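The following report covers one protein model, moving from single residues to the whole chain.

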Amino acid sequence: MTTTEHSGGGDISRSLELLWGTGERPSRGPKPGLTLERIVTAAIAVADAEGLAAVSMRRLSAELGAGTMSLYRYVPGKAELLDLMLDQVQAFDPAAHAPDLGWRETLEMVARGSWQLYERHPWLLQVDQARPILGPNAMAGLEFALRGLDGLGLTDRERIHVIVTVEGFATGIARTHVNSTMAEKRTGVSDEEFWKAHTPALEKALASGRFPMQAALGEDAFSGRGEDAFEFGLKNLLDGIGAFIATRARARETAAER
């Protein structure tokens with residue numbers, strides 16, 4: 001999936017007001033039961049089913065049985081609506097998790113949570129979140145991750161780097177996995193059929209002697225699933241972070257002995 005939308009692309013102040021409930025709420029309108037939460041939930045449902053491009057104020061008005069203009073009383077437009085959608089799908093309740101999780105268990109939850117989020121909402125991969133609008137759910141998730149890395153002797157910047165690294169890994173693997181799944185739905189061509197079409201050209205290329213390392217690969221080299229790559233990468237990534245944390249601990253011990 002290619003990037004088609006950007007977080008924070010609308011009125012930033014208005015998005016923050018809506019996320020944190022600090023702005024004025026519309027008075028009771030002509031459509032009883034219409035709320036900002038219902039609008040955002042409907043938008044997420046449309047995006048999940050048909051993709052982000054299908055979300056429009058006109059489409060939502062039809063889904064909710066309300067006039068298009070009545071929706072604008074709750075949210076200025078699609079850009080601000082997207083900010084609300086992004087935060088809502090990240091709903092996170094820190095109280096539901098044990099407060100004494102170790103750093104590794106915490107980061108595993110962060111990575112698996114990101115993976116599952118993209119599986120449930122593939123349209124997220126179309127959104128450039130380089131400039132995220134920080135709502136309550138996003139900040140609750142960050143608070144959980146920071147707490148899990150507390151007391152390890154890492155600097156604040158290092159803790160953020162660790163979180164960004166883990167989330168970046170999960171996002172990258174999820175992107176490849178989800179795009180592969182969506183490609184079959186989009187084209188009607190299965191992975192098996194797609195790669196089978198390569199056979200004549202690849203057989204000639206490998207027989208040429210130009211690619212000896214690839215020619216020596218076993219038949220099962222590319223048989224792994226996206227989940228397999230995720231588990232392999234996550235384990236080794238966390239092992240590396242663990243080694244870094246251990247190095248920091250030894251440095252503190254050495255400094256204390258001097």
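Histidine 121 is buried, with a relative accessible area of 10%; buried means under 20% relative accessible area, exposed over 50%, and partly exposed in between (1.4 Å probe, protein chains only). The model is predicted: local features need pLDDT of at least 70 and side-chain atom pairs count only at pLDDT 80 or more, while totals for chains, interfaces and linings use all residues. Residues are numbered from 1 along each chain as its sequence is written, and side-chain values use heavy atoms, with hydrogens and water left out.

Histidine 121 sits in the loop between helix H6 (103–120) and strand S2 (127–128). Helices (H or I, at least four residues) and strands (E, at least two) are DSSP runs numbered from the N terminus. Leaving aside residues up to four places away in sequence, histidine 121 touches Ile44, Asp48 and Val89, where contact means heavy atoms within 4.5 Å.

Glutamate 17 belongs to helix H1 (residues 12–20). Glutamate 17 is partly exposed, at a relative accessible area of 31%. With residues up to four places away in sequence not counted, glutamate 17 touches Thr22 and Gly23. Its C-alpha atom is separated by 9.5 Å from that of glycine 135, 118 residues apart along the chain.

Helix H12 (residues 226–257) has 32 residues and reaches 47 Å from its first C-alpha to its last, close to the 46 Å expected (1.5 Å times one less than its number of residues). Its buried residues include Phe230, Leu234, Leu238 and Ile241. Among the elements covering the buried residues of H12 are H6 and helix H8 (156–187).

The protein as a whole has twelve helices and two strands. Its radius of gyration is 23 Å, well over the 18 Å that the globule rule gives for 258 residues, so the protein is more spread out than a compact globule. The radius is taken over C-alpha atoms, and the rule is 2.2 Å times the number of residues to the power 0.38. Along its principal axes the C-alpha trace spans about 70 × 65 × 30 Å. Of the 258 residues, 33% count as buried.
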